[in-house]
Amino acid sequence: QTVTLHVVDDAPQSGQRALWLAERGCLRQAVEAAERLEREGGAQGLFDLELRTTNKPSPNYRIGESLEVSVRSPREAFLYCFYVDVSGEVTKIFPSQFEAGAKVDSVVAQAIPGAKWSSPMLLTGPAGASEVRCFATDRDATAHLPPEIGKPGFVKLSETATSNLMETFLRVPEANVATAGITITVQ
């Protein structure tokens, strides 16, 4: 039997500990941390994101089709979304150069691509599994993010910036973080 020990350099804030544990596969400990937070009345810092495809009932696409997703947060948040292609290359897709910034409200789901985008997000291949991954913070994280993540626009991220996006967002001081992902199958 193999045991994996995860060591935390800087302990995540209590509101993020459950998420940090879940991201590393420590599900039993993540549930315990979330339940403890609820019992202690600290769960108001936690929030979920809802991420789904909007132009198809399932996330199965053919090469050449356009990808459309929506993201909804139960509270006002600052949203950052990424497309991870089949080869693992990561492109930031929200906020793009067509949005005023990362701030989204809780009333309307954020469409990606947005209404101001000049063209659709076409899936060009190769075939395989890709992913859309979104992170939201309850405060503006731009000043605490690597420049290629914080600035608006479609940006292919460097290997350094993509090595652990979750860690990057958890390092934002005094911020609660939510994340959601959806696997896209391209045929």
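Let me start with glutamate 89, which at 35% relative accessibility counts as partly exposed. Keep in mind throughout that this is a predicted model. The side chain of glutamate 89 meets that of lysine 156 in a salt bridge, at 3.0 Å from N to O. Glutamate 89 sits in the loop between β5 and β6 (90–94), while lysine 156 belongs to strand β11 (residues 155–156), so the pair ties together parts that are 67 residues apart in sequence. Lysine 156 has a relative accessibility of 54% and therefore counts as exposed.

How many salt bridges does a search of the whole structure find? The search finds 8. I will go through two others, which share aspartate 138.

One of them joins aspartate 138 to arginine 75, with the closest N and O atoms 3.6 Å apart. Here too the partners come from distant parts of the chain, 63 residues apart. Aspartate 138 is in the loop between β10 (128–137) and α3 (147–150), and arginine 75 is in the loop between β4 and β5 (77–84).

Through shared partners, salt bridges join Arg75, Asp138, Arg139 and Glu174 into one network.

Now the strands. Strand β1 (residues 50–53) and strand β4 (residues 69–72) run antiparallel and are joined by 4 bridges. Within that pairing, glutamate 50 stands opposite arginine 72 in β4. Strand β4 also pairs with strand β8 (residues 110–112), in the antiparallel sense, over 3 bridges. Which residue in β8 is the bridge partner of valine 71? That partner is glutamine 110.

Moving to strand β10, I want to point out glycine 128, which lies in that strand. Glycine 128 is partly exposed, with a relative accessible area of 24%. Not counting residues up to four places away in sequence, glycine 128 touches Val86, Ile184, Thr185 and Val186. There is also a C-alpha separation to give here: 6.5 Å between glycine 128 and glutamine 187, which are 59 residues apart along the chain.

That leaves the interior. In soluble globular proteins, nonpolar side chains tend to be buried together. In this model, the largest nonpolar core has 26 residues, and Leu67, Leu79, Ile112 and Val132 touch the most other members. The elements giving two or more residues to this core are β4, β5, β6, β10 and β12 (177–186). Which element supplies the largest share? Strand β12 does, with 5 residues.

Take leucine 67 from that core as an example. Leaving aside neighbours within four places in sequence, leucine 67 has contacts that include Tyr61, Tyr83, Ile112, Met121, Leu123, Val132 and Ile184. Thr53, Asn55 and Pro113 are also among the contacts of leucine 67. Apart from this, there is a second, separate core of 20 residues, and Val90, Ala102, Ile149 and Phe169 are among its members.

Technical notes
Residues numbered from 1 in each chain as written. Predicted model: local features only at pLDDT ≥ 70, side-chain atom pairs only at ≥ 80, totals over all residues. Heavy atoms only, no water. Pairing = 2+ DSSP bridges. Salt bridge = Lys/Arg side-chain N within 4 Å of Asp/Glu carboxyl O. Buried < 20%, exposed > 50% of the residue type's maximum accessible area, 1.4 Å probe, protein only. Contact = heavy atoms within 4.5 Å. Core = buried A, V, L, I, M, F, W, Y, C linked by side-chain atoms within 4.5 Å.
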